[in-house]
Amino acid sequence: NFTEVPLAPPDAILNLSTLYKADTFVRKVDLGVGAYRDNNGKPWVLPVVRKAETIVFEAQPEHEYLPIGGNKSFTEAASKLLLGSDSRALQDNRVVSFQTISGTGANFLGATFLHRFYPKGTKVLLSNPTWANHKNIFTSAGFEIQDYCYYNPKTLGLDLDGMLTSLRNAPSRSIVVLHACAHNPTGVDPTPEQWKEIANVMQEKNHFPFFDCAYQGFASGDLDRDAFAIRYFVERGFELSIAQSFAKNLGLYGERVGCYHVVAHSAQLAQHVQSQVARASRAIISNPPLYGARIADTVLNSPELLAEWKEHLIAMSGRIMAMRSELRDQLVQLGTPGNWDHIVNQIGMFSFTGLNSNQVEVMKNKHHIYMTSNGRISMAGLSTGNVEYVAQAIDDVVRH
Ligand code: PMP
């Protein structure tokens, strides 16, 4: 009975938003949540999504079950978005694509499938640090997890040597979770040259790349550029997995739109994989949900809407990059001790400020600015109206 069930620790992010909501200070700032906000701090429903909703509504679709793999015209378009429409792997019919419950569901479906076919004791390697849910997902699927070096707190950048050493020292044929772009929480991505070195070691060690792609197009504003690492690994001949989310780039957070893709070496192997992923997905969700996938399908398969979406991606990533420059410039103007270039060098939704957990506490208690204890801020929480206030607060906590 339930006397054996201990209380689980509170979720750090959810806890933070409860505290933020309860705070009555007028100039309070929420830099915790990983969701896009416009310059007025409001959620932004993409106009192209509104248009797609009208199209879907007017078509008066049925509510029958989707096939286990999901809405095929959506999953196919999603695979082209990741791999490129001229992808050899797609032409060779060796890509398997399943509709999932957003990126989280894609990670879990992949983890569940792989766990059934990898030998007992296989390690899943996660970057240190990583998205907190990775640990939860891969251990829930039954894997043992291990960290690989990733972030260097001294340079506030990538620890490439440490990463390559970790990958070399891990048991051969480990599964390595890689953030395709806009690494969460650090905002630090490898350069194309560095991805090459990572691929070399992965190939030497026969590691399996498991890409988590939650920010395609949202990071740089360019869908192709943000897919570089994935396409490069496919070209290098890896078999691999990709967990894809449309939460951020289409702003479909709560609609839970995503895909799990596997690139196999041959069409025949892909067929086998397809049949086994289907079994796993049947156990988890049986059939994926209709609504969000219909919206994404409508946008991705209309040249006009696709073009409009690309403009939205430029607008969202552009606003975030502008906030990065603004914050860095303000800190430089204030003469805040330290170098703040990492804020503009990092990419995507988040920035690792370098503030320590004590400084984060002061940000919260004295300045009413909320961020996770590791010093991560969501860039989307900044606006032209609050960036100066945030810079002054950072200046204050760094000096004291
Ligand atoms: N992976 C990473 C690295 C993420 O940052 C996120 C979003 N926080 C996800 C996956 C999945 O999010 P969702 O399930 O909302 O698509």
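The domain assignment divides the chain into domain 1 (11-45 + 316-399) and domain 2 (65-301), with bounds that come from an automatic or database domain assignment. The model is predicted: local features need pLDDT of at least 70, side-chain atom pairs count only at pLDDT 80 or more, and totals for chains, interfaces and linings use all residues. Residues are numbered from 1 along each chain as its sequence is written.

The C-alpha centres of domain 1 and domain 2 are 28 Å apart. Between them, 18 residues of domain 1 are in contact with 19 residues of domain 2, where contact requires C-beta atoms, placed from the backbone, within 7 Å. On the side of domain 1 that touches domain 2, α13 and β11 (350-352) are the elements that give two or more residues. This side of domain 1 consists of nine nonpolar, eight polar and one charged residues. Ala, Val, Leu, Ile, Met, Phe, Trp, Tyr, Cys and Pro count as nonpolar, Asp, Glu, Lys and Arg as charged, and the others, Gly among them, as polar.

The chain contains 16 helices and 13 strands, defined as DSSP runs (helices: H or I, at least four residues; strands: E, at least two) and numbered from the N terminus. Its radius of gyration is 21 Å, close to the 21 Å that the globule rule gives for 400 residues, so the chain is as compact as a globular protein of that length. This radius is taken over C-alpha atoms, and the rule is 2.2 Å times the number of residues to the power 0.38. Of the contacts in the chain with a separation of 6 or more, 75% are accounted for by residues 24 or more positions apart.

Buried residues form 46% of the 400 residues; a residue is buried if 20 or more other C-beta atoms, placed from the backbone, lie within 10 Å of its own. The largest nonpolar core has 110 residues, of which V176, I230, V277 and A296 touch the most other members. Helix α13 (residues 303-334) gives the most to this core, with seven residues, and the core draws at least three residues from each of domain 1 and domain 2. Such a core is a set of buried Ala, Val, Leu, Ile, Met, Phe, Trp, Tyr and Cys residues joined through C-beta atoms within 7 Å. Leaving aside residues up to four places away in sequence, A296 touches F74, F246, L250, L252 and V257.

The ligand is surrounded by 13 residues, the closest being S102, G103, T104, W131 and S245; each residue counted has its C-beta atom, placed from the backbone, within 6 Å of the ligand. Helix α5 (residues 102-117) gives the most to this shell, with three residues. The shell divides into four nonpolar, eight polar and one charged residues.

Notes: Buried ≥ 20, exposed ≤ 12 C-beta atoms within 10 Å, placed from the backbone. Contact = placed C-beta atoms within 7 Å.
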